[in-house]
Amino acid sequence: MAFQKAVKGTALIGGGAIATVFGLSQFSQYRNKHGALVQVEAAEGAPVRRDHLPTREQQILALQSSGEFDVLVIGGGATGCGCALDAATRGLKTALLERDDFSSGTSSRSTKLIHGGVRYLQKAIMKLDFEQYRMVKEALEERAHLLQSAPHLSAPLPIMLPIYKWWQLPYYWVGIKLYDLVAGSQCLKSSYVLTKSRALELFPMLRKDKLVGAIVYYDGQHNDARMNLAIALTAARYGAATANYAEVRHLLKSTDTGSGRQRVCGVRCRDVLTGKEFDVRAKCVINATGPFTDSVRKMDDEEVPNICQPSAGVHIVMPGYYSPDNMGLLDPATSDGRVIFFLPWEKMTIAGTTDSPTDVTSHPIPTEEDINFILSEVRNYLGADVEVRRGDVLAAWSGIRPLVTNPDSKDTQSLSRNHVVTVSDSGLITVAGGKWTTYRAMARDTIDAAIQEHNLKAGSCKTMGLQLEGAQDWSPTLYIRLVQDYGLESEVAQHLASTYGDKAFEVAKIAQVTGKRWPIVGKRLVSEFPYIEAEVVYGVKEYARTAVDMISRRTRLAFLNVQAAEEALPRIVDIMGKELNWCEQKKKEQLETAKTFLYYEMGYKVKTDQLTDSSEISLVPSDIERYKKRFRMFDKDKKGFITILDVQRVLESISVQMDENTLHEILNEVDLNKNGQVELNEFLQLMSAIQKGRVSGSRLAVLMKSAEENLRCREAIPVDRSGGGL
């Protein structure tokens, strides 16, 4: 009864608030104006979409030999690739340069949400800030576009907002309903209120104590790096000369004959892979470099003040059992006022983000402090029966958000949550700020500014409704054809369909025969993930040129499980080596570089730091004796340490076979001083770390426990305990 009264009261308060703040007529006009998003291939007059994707070598040649471009974009993130796609579809001769890989920066390190921003709408209401409201409105329109332009890479996701105080129910209900109404006809699904019992049914891991109920609303979710790549590939198919690993060394300038002013007319570029340098000329140069915005602006004018204020956001990935398969969670007010999302993603659970000032770097590193902050907030919302362990963090990363101050604004101290497009005296166009969801609108505004500033001959934007790479012939049941036509595992087929869309058939065609009855084709890179070897070959065609490209952006292994990524690396390097003609030295360098990337940028270091040779042993005496006894079952000679031979002997006694390389890897995880053996002290440090939750999934610990239990079962049963006998 109390719950029903609260809901009724909420509806009354909410209706009044909506009418007061915005006026219902405004929402009606918004709905009528925008209507449903019409899916079209492109407006009339757009260039023809090529069936053949040029190789990287062909793209580099085009950059060197195509004369002057209309538009040259610096930066291969979502915004830069969006600018290239917008320009190319308007018929402009377009080039794009990225010094690393497409989506190697912030665009691959997001929360994976396609959203309007519930918290921004809250601020718009509380502060009567029309600018914030307009930003949310635009983002919700772009959310609908993004979900429909690449349906294989994105989908609506319900997100639960748990309520632990009665007064919060009307407060949050009003805000969420406003969010629905601002979206208008493009609202994904209507939000709704849940009772306590229903909330726990849908999210059983939730903390039950003092739970009143919950509100569920909808936003979008996507595979961010693959989405970025789809934009880049689509731009290439429309004729843009796009190249990764092409670094801008400096800007080229010429004197305008009419005004006598220096104008930007291109860039000096270096092919990072070959070291060759060349000039790329263009009528208009666009700076879309995210956190590196100011470094390019200073190439134009050393005296220009900085406009970018970088902020680091850390995310962690945990096992899928921490969240339901299709329900996210929002913590709207953490202990320090930040917002934390807790979301299912790629059959894992992603939690984040933090928000703290940082320096601009190409290699941001997640800190233990940020990881523990996120874990602490997660514990506040999960039930007491769910132990949130530090050892369950499978990957962690930091992304740099390029918040900007508008240089054209009188109030230069205020940060803009919206995007900013500026034009320098020399004609350099800079686009900065904004968010992943609004990349298309940012690109539209940027190309509009470029056309106006440089008198380019082009029509209006043609990207609304334009389908991205893989979307044209995709359907939700496409994976069934992959299973039936090629003999792929169902899980692998679903993964290929949701990653490559209608291009999944091209991957399936080059998949190797397994030699098994089932699956017929598709050798996995690692057993617990559906990535197959054929994706490495196809990834090279998608411009992957390093092992890091493959484990982090063509596949997402590095973002899902750093240990699984490390396990897959040797095979990935072998396959790429054959495709790209790498020598043995090059393969070794790629392997080491990728391991360094995993160690520092993807959280492997902070994970391994949980167990070091200086780790404390905080076990009670009874546990120490129990673990010593288990250790001695392997150390029969009482050496004080165990080796691969000791483990092999015990495994053979219980009829378990394991190859020597795997055993070496298992022992190496615990061999803290790297002397080729595991001492008793190291084993006790491991068991102590496991008890504290700092380490989980230790293969040696599980193996030794399993072996101990097997040996106990095989002990001879005394006659007096077996019912007597002769």
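**Figure 1. Strand S1 and its pairing partners in the predicted model.** From S1 the chain passes through helix H4 (residues 78-89) to S2, making a right-handed β-α-β crossover; right-handed means that, with the strands pointing away from the viewer, the path from the first strand over the helix to the second runs clockwise. S1 (residues 69-74) and S2 (residues 94-98) run parallel and are joined by 4 bridges. S1 also pairs in the parallel sense with strand S10 (residues 277-287), over 5 bridges, and Phe69 has Ala282 of S10 as its bridge partner. Two strands are said to pair if DSSP finds at least two bridges between them. Helices (H or I, at least four residues) and strands (E, at least two) are DSSP runs, numbered from the N terminus. In S1, 6 of 6 residues are buried, where buried means under 20% relative accessible area, exposed over 50%, and partly exposed in between (1.4 Å probe, protein chains only). This is a predicted model, in which local features need pLDDT of at least 70 and side-chain atom pairs count only at pLDDT 80 or more, while totals for chains, interfaces and linings use all residues. Residues are numbered from 1 along each chain as its sequence is written, and side-chain values use heavy atoms, with hydrogens and water left out.

Figure 2. With strand S4 (residues 154-163), S12 pairs in the parallel sense over 2 bridges; here Ile159 has Gly328 as its bridge partner. With strand S13 (residues 340-345), S12 runs antiparallel and is joined by 3 bridges. In that pairing, Leu330 has Phe341 as its bridge partner.

Figure 3. His315 lies in S11 (residues 308-318) and is buried, at 3% relative accessibility. The side chains of His315 and Thr111 are joined by a polar contact of 2.8 Å. A polar contact is a pair of N or O atoms within 3.5 Å; within protein, one must be able to donate a hydrogen and the other to accept it, and residues adjacent in sequence count only if both atoms are side-chain atoms. Beyond four places in sequence, the residues that His315 touches include Arg109, Ile350, Gly352, Thr353 and Trp397, contact being defined as heavy atoms within 4.5 Å. Gly352 and Thr353 are themselves joined by a cis peptide bond, with omega about 15 degrees. Thr353 is in the loop between strand S14 (348-352) and strand S15 (356-357).

**Figure 4. Arg554 in helix H17.** Arg554 belongs to H17 (residues 547-554), a helix largely enclosed by the rest of the structure because 8 of its 8 residues are buried. The relative accessible area of Arg554 is 2%. Its side chain makes a polar contact of 2.7 Å with the side chain of Asp101. Among the other contacts of Arg554, leaving aside neighbours within four places in sequence, are Arg226, Leu229, Asn244, Tyr500 and Glu542.

Figure 5. Most residues other than glycine have a negative phi, and most peptide bonds are trans. Lys112 has a positive phi of about 70 degrees although it is not a glycine. Lys112 sits in the loop between S2 and strand S3 (113-114) and is buried, at 0% relative accessibility. Glu346 also has a positive phi, near 50 degrees. Glu346 is in the loop between S13 and S14 and is partly exposed, with a relative accessible area of 33%. Trp518 and Pro519 are joined by a cis peptide bond, with omega about -5 degrees. Pro519 lies in the loop between helix H15 (504-509) and helix H16 (534-541).

**Figure 6. Leu645 in helix H23.** Leu645 is in H23 (residues 644-653) and counts as exposed, at 62% relative accessibility. Leu645 and Glu660 are 15 residues apart in sequence, and their C-alpha atoms are 9.2 Å apart in space.
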